[in-house]
Amino acid sequence: MQPHLKRAFTLLALVIIAFILVRSLLVPDSFGQYGWYRGDSVNEIRNLSVNYAGSTSCGEEDCHKIIYSVWVKDRHKTVNCETCHGPAEKHVLNAREPLEKANESREYCGKCHFKEIARPEEFPQVDPETHGEDLRCVYCHNPHKPWFV
């Protein structure tokens, strides 16, 4: 074998060995156990505390039955209660535990409803410069039934 090929193969072997060593140091042992992620992450996620209760818990516990019955028939039914009111697991377990006050700012409503060219045309959008005269959206729109002014 010619000397320049020996050097090239030696260099290639060193690079492969270095790659294997670095990979064994950086990649956790559980990587690839269940798929293209750390297998330990499944247990880590399973052990996280639950903070969200889900919207059905608001209406099925007879606590907010009227507002739930309005919301569940409305176009905003795809926006869960906890999207605006925050995580509710503690509140569901103990009704005296207060919920976060819903964010009623224009900017919060605008995350979905300010005019964006990338949104479908049929999606309700407004131009914040010309719509509402800087009033909060809830001044005119009930967030649980937004078409009911």
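E44 counts as partly exposed, at 43% relative accessibility. The model described here is predicted. E44 forms a salt bridge with R38. The closest N and O atoms of E44 and R38 are 3.0 Å apart. R38 is likewise placed in the partly exposed class, because its relative accessibility is 30%, a value between the 20% and 50% limits.

The count of salt bridges comes to two. The other pair is formed by the side chains of R136 and E104, with an N to O distance of 2.7 Å. R136 lies in the segment after α7, and E104 in the loop between α6 (89-93) and α7, so this pair ties together parts that are 32 residues apart in sequence. R136 is partly exposed, with a relative accessible area of 47%. E104 is also partly exposed, at 25%.

Aromatic contacts were examined next. The structure holds two aromatic pairs. In one of them, the ring centres of F31 and W36 are 5.0 Å apart. Their planes stand at 75 degrees, so the pair is edge-to-face; the cut-off for this class is over 60 degrees. F31 counts as partly exposed, at 27% relative accessibility. W36 is exposed, with a relative accessible area of 76%.

The rings of Y68 and W71 make up the other pair, with centres 5.5 Å apart. Here the planes meet at 45 degrees, so the pair is tilted. Y68 and W71 both belong to helix α4. They are three residues apart, about one turn of the helix. Both Y68 and W71 are buried.

The loop that runs between α4 (65-71) and α5 (81-85) contains D74. D74 is buried, because its relative accessible area is 6%, and buried means under 20%. The side chain of D74 reaches the backbone nitrogen of H76. The distance of this contact is 3.2 Å.

A further site is G132, found in the segment after α7 (106-113). G132 counts as partly exposed, at 29% relative accessibility. In sequence, G132 and R106 are 26 residues apart. In space, their C-alpha atoms are 9.4 Å apart. The segment after α7 also holds R136, the partner of E104 in the salt bridge described above.

Notes
Residues are numbered from 1 along each chain as its sequence is written. This is a predicted model: local features need pLDDT of at least 70, side-chain atom pairs count only at pLDDT 80 or more; totals for chains, interfaces and linings use all residues. Side-chain values use heavy atoms; hydrogens and water are left out. Helices (H or I, at least four residues) and strands (E, at least two) are DSSP runs, numbered from the N terminus. Buried means under 20% relative accessible area, exposed over 50%, partly exposed in between (1.4 Å probe, protein chains only). A polar contact is a pair of N or O atoms within 3.5 Å; within protein, one must be able to donate a hydrogen and the other to accept it, and residues adjacent in sequence count only if both atoms are side-chain atoms. Rings of Phe, Tyr and Trp (its six-membered ring) pair if their centres lie within 6.5 Å; planes under 30 degrees apart count as stacked, over 60 as edge-to-face and the rest as tilted. A salt bridge is a side-chain nitrogen of Lys or Arg within 4 Å of a carboxyl oxygen of Asp or Glu.
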